[in-house]
Amino acid sequence: MSERKRSPRHLVLSILRVLFVATFAAFFLVAILMVLGQLVGTVLSLPGLVSAASDHLLVPAVTLASTFGVIAFLASYLQKDDQETPAA
C-alpha cells in the first residue's frame with residue numbers, strides 16, 4: 001500500500017482548518033462569556049457589569065470572528081473546484 005504525497009496546498013489547507021476551528025472556538029467562548037456577563041448584570045441590576053462585559057469582550061469577539069472569517073475565505077480558494085461539498 002503506497003502512501004500518497006501531500007501537496008503543499010493540502011498541507012496549507014490542513015493548517016487553515018486547524019486555525020479556523022481554534023479561532024471559532026475562541027470566538028464562541030468569548031462571545032458566551034460576554035453574553036453571560038451581560039445577563040448576570042441585567043438579572044442583578046448592575047449596569048456597570050453589563051457595560052464592562054461589552055467594553056472588555058466586544059473587541060476580542062469581533063476580532064476573532066473576523067479572523068475565522070478570513071481564514072475560511074482563504075481556505076475556500078484552496079478547495080478543489082471539482083470536489084463536491086456534501087449538502088447539509
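The chain contains two helices and zero strands, and the model described here is a predicted one. Of its 88 residues, 15% count as buried, and the accessible surface of the chain comes to about 7,000 Å², with 70% of that area belonging to carbon and sulfur atoms. Among contacts between residues at least 6 apart in sequence, 70% join residues at least 24 apart.

- Helix H1 runs over residues 8-43, and its 36 residues reach 52 Å from the first C-alpha to the last, close to the 52 Å expected at 1.5 Å a residue.
- The buried residues in H1 are Leu13, Leu16, Thr23, Val30, Ala31, Met34, Gly37 and Gly41, and what covers them includes helix H2, residues 47-78.
- Serine 45 is placed in the loop between H1 and H2, where its phi is near 55 degrees, a positive value in a residue other than glycine.
- Serine 45 counts as exposed, because its relative accessibility is 59%, which is over the 50% cut-off.

**Helix H2**

- The 32 residues of H2 should span 46 Å at 1.5 Å a residue, and this agrees with the 46 Å that separates its end C-alpha atoms.
- Ala53, Ala61, Phe68, Ile71 and Ala75 are the buried residues of H2, and H1 is included in what covers them.

**Aromatic pairs**

- The structure holds seven aromatic pairs, one of which is formed by phenylalanine 20 and phenylalanine 24, a stacked arrangement with 6.3 Å centre to centre and 15 degrees between the planes.
- Both phenylalanine 20 and phenylalanine 24 lie in helix H1, where they are four residues apart, about one turn of the helix.
- Phenylalanine 20 is partly exposed, with a relative accessible area of 30%, and phenylalanine 24 is likewise partly exposed, with a relative accessible area of 36%.
- Phenylalanine 27 and phenylalanine 68 form a tilted pair, with 5.6 Å centre to centre and 50 degrees between the planes; because phenylalanine 27 lies in helix H1 and phenylalanine 68 in helix H2, this pair ties together parts that are 41 residues apart in sequence.
- Phenylalanine 68 is buried, since its relative accessible area is 16%, which falls under the 20% cut-off.
- Ring pairs link Phe20, Phe24, Phe27, Phe28 and Phe68 into a cluster.

Technical notes
Residues numbered from 1 in each chain as written. Predicted model: local features only at pLDDT ≥ 70, side-chain atom pairs only at ≥ 80, totals over all residues. Heavy atoms only, no water. Expected span 1.5 Å × (residues − 1). Buried < 20%, exposed > 50% of the residue type's maximum accessible area, 1.4 Å probe, protein only. Contact = heavy atoms within 4.5 Å. Areas by Shrake-Rupley, 256 points an atom, 1.4 Å probe, with all protein chains shown as cover. Phe/Tyr/Trp six-rings, centres within 6.5 Å; stacked < 30°, edge-to-face > 60°.
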